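Open the model in a viewer and keep the selection panel at hand. The stops below go from the whole chain to single residues.

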Amino acid sequence: MARTIIEPFRIKTVEPIRITTRPERERLLREAGYNVFLLRAEDVLIDLLTDSGTSAMSQEQWAALMRGDESYAGSRSWYRFEAAVRDIFGFAHVIPTHQGRAAERILFAIACRPGDIVPNNTHFDTTRANIEQAGAEARDLPCPEGRDPAAVHPFKGNLDVRALEELIREAGPERIPLVLVTVTNNSGGGQPVSLANLREVRDVTKKYGIPLYLDACRFAENAYFIKLREEGCAERSVKEIAREMFSLADGCTMSAKKDAFANIGGFLCTNDPELAREERDLLILTEGYPTYGGLAGRDLEAIARGLEEVLDEDYLRYRFASTRYLGEHISRAGVPIVEPPGGHAIYIDAKAMLPHIPPSRFPAQALACELYLAGGVRGVEIGSVMFGKKDPATGEEIPASMELLRLAIPRRVYTQSHIDYVVETILEVHEHREAIRGLRLTYEAPFLRHFTARFETAE
Ligand SMILES: *Cc1c(COP(=O)(O)O)cnc(C)c1O
């Protein structure tokens with residue numbers, strides 16, 4: 001008999017979570033302008049806002065903190081970190097940053113000129129914002145299945161290679177400073193990219209002399225999907241698969257807050273020595289000296305250890321089982337989700353669940369509010385609040401292509417009964433879905449507006 005896939009760890013330290021009442025949550029949400037980013041974390045019961053920086057560290061990571069060497073230059077912790085990154089990622093130059101977006105800012109500030117275009121399967125919000133900040137355009141080229149939440153395909157995160165080649169021909173390779181592939185495709189539903197697709201993208205970029213970069217935040221989850229789903233990979237180790245993924249690229253950006261089990265950190269890698277020199281110069285200006293880059297020695301230690309642990313296949317089996325558990329239990333009851341379940345999160349298709357709320361009234365944001373009101377559960381909108389645009393001529397809102405509510409699962413943090421509670425909360429909201437009303441924006445910042453936007457309920 002197949003046994004339950006269990007958490008491959010036991011709990012040594014506990015952090016209490018606080019249960020609030022519905023009237024309390026109604027007041028708190030109103031005060032937060034119907035934006036769950038503006039809630040206090042202690043007023044949230046189950047926090048699925050993000051899997052970023054929210055992992056539980058292992059005893060070995062906590063022990064490694066004590067070994068942190070806080071020397072300004074050339075610390076032992078730096079050499080340990082560099083060796084751990086090189087062992088898996090294989091790139092010649094490793095540049096530590098305080099998180100993923102700092103790596104993005106440095107890379108795009110150097111690589112992008114106004115008028116350039118940077119293609120990606122789907123840009124993450126900070127990636128898009130940093131490219132736009134450099135005056136370039138961030139272009140999403142997901143494969144056709146990736147645009148349809150209900151379509152089932154083993155590698156929905158794949159980049160549309162034909163569209164990529166067309167874009168390069170039309171725009172000219174000189175306007176494309178690099179091509180990015182995000183593994184797994186976070187904004188596109190946490191869907192994986194196949195080795196076959198990476199090889200095809202590599203062939204096209206090579207043909208036109210364009211560097212290929214991976215946005216590597218969830219590289220271990222992507223590699224595990226490849227092991228489970230790609231022809232000929234079942235017997236390979238996840239580490240070997242990850243190494244092959246990186247061998248196809250010229251560099252990467254990485255947030256260690258994801259697949260490195262760290263609470264902070266990131267890095268930028270390249271094989272190009274000239275580019276690495278320029279990147280280090282910029283690093284010194286804003287992040288720090290190249291052997292710590294905005295991190296403490298102890299952070300470097302925690303990341304080095306975390307990179308090793310994330311490739312443990314018992315961990316990955318449990319991680320996928322717990323994410324799938326949430327997805328299957330709500331989709332079986334009729335809640336429309338992005339199929340199949342991704343590695344780090346479940347995405348509810350708010351457009352399909354709340355067809356009576358138009359994109360201009362932000363259905364996924366409204367759903368985020370309802371989940372909080374119903375059970376103190378916090379998810380995040382990935383839809384028109386995050387990715388909507390204003391038409392420069394008319395000032396009218398141009399909606400995003402999908403209206404998703406993402407429920408990201410922090411690594412090694414919640415147990416099955418926590419997830420059962422989330423399932424019950426979602427099903428209760430689903431039952432009363434016709435009564436949910438949309439939201440109207442009352443304040444927005446000029447970029448990355450979702451973090452600080454405020455709303456009121458619309459009629
Ligand atoms: C989190 C994330 C980033 C940015 O990393 P931060 O550490 O949050 O700055 C970039 N790309 C993807 C795909 C991410 O998930």
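**Whole chain**

Of the 459 residues in the protein, 58% are buried (buried is under 20% relative accessible area, exposed over 50%, partly exposed in between, with a 1.4 Å probe and protein chains only). This is a predicted model, in which local features need pLDDT of at least 70 and side-chain atom pairs pLDDT 80 or more, while totals for chains, interfaces and linings use all residues. Residue numbers start from 1 along each chain as its sequence is written, and side-chain values use heavy atoms, without hydrogens and water.

Show the C-alpha trace: along its principal axes the span is about 60 × 55 × 45 Å. Switch to cartoon to see 16 helices and 16 strands (DSSP runs, numbered from the N terminus: H or I of at least four residues for helices, E of at least two for strands).

**Two domains**

Colour 22-51 + 312-457 as domain 1 and 59-309 as domain 2; the bounds come from an automatic or database domain assignment. Their centres, over C-alpha atoms, are 26 Å apart. Between them, 31 residues of domain 1 touch 39 residues of domain 2, contact being heavy atoms within 4.5 Å.

**A helix pair**

Next select α1 (residues 22-31) and α14 (residues 363-375), which pack at an angle of about 145° with axes 7 Å apart (axes are lines fitted to C-alpha atoms over the stretch in contact; angles run from 0 to 180 degrees between N-to-C directions). From α1, Arg22, Arg25, Glu26, Leu28 and Leu29 take part; α14 brings Cys369, Tyr372, Leu373, Ala374 and Gly375.

Most residues other than glycine have a negative phi, and most peptide bonds are trans. Tyr34 counts as buried because its relative accessibility is 16%.

Move on to Phe362, in the loop between α13 (350-353) and α14. Its phi is also positive, near 55°, and Phe362 is buried, at 2% relative accessible area.

Finish with two cis peptide bonds. The bond from Val183 to Thr184 has omega near -20°, and Thr184 sits in the loop between β5 (179-182) and α7 (195-207). The bond from Glu339 to Pro340 has omega near -15°; look for Pro340 in the loop between α12 (313-332) and β9 (345-349).
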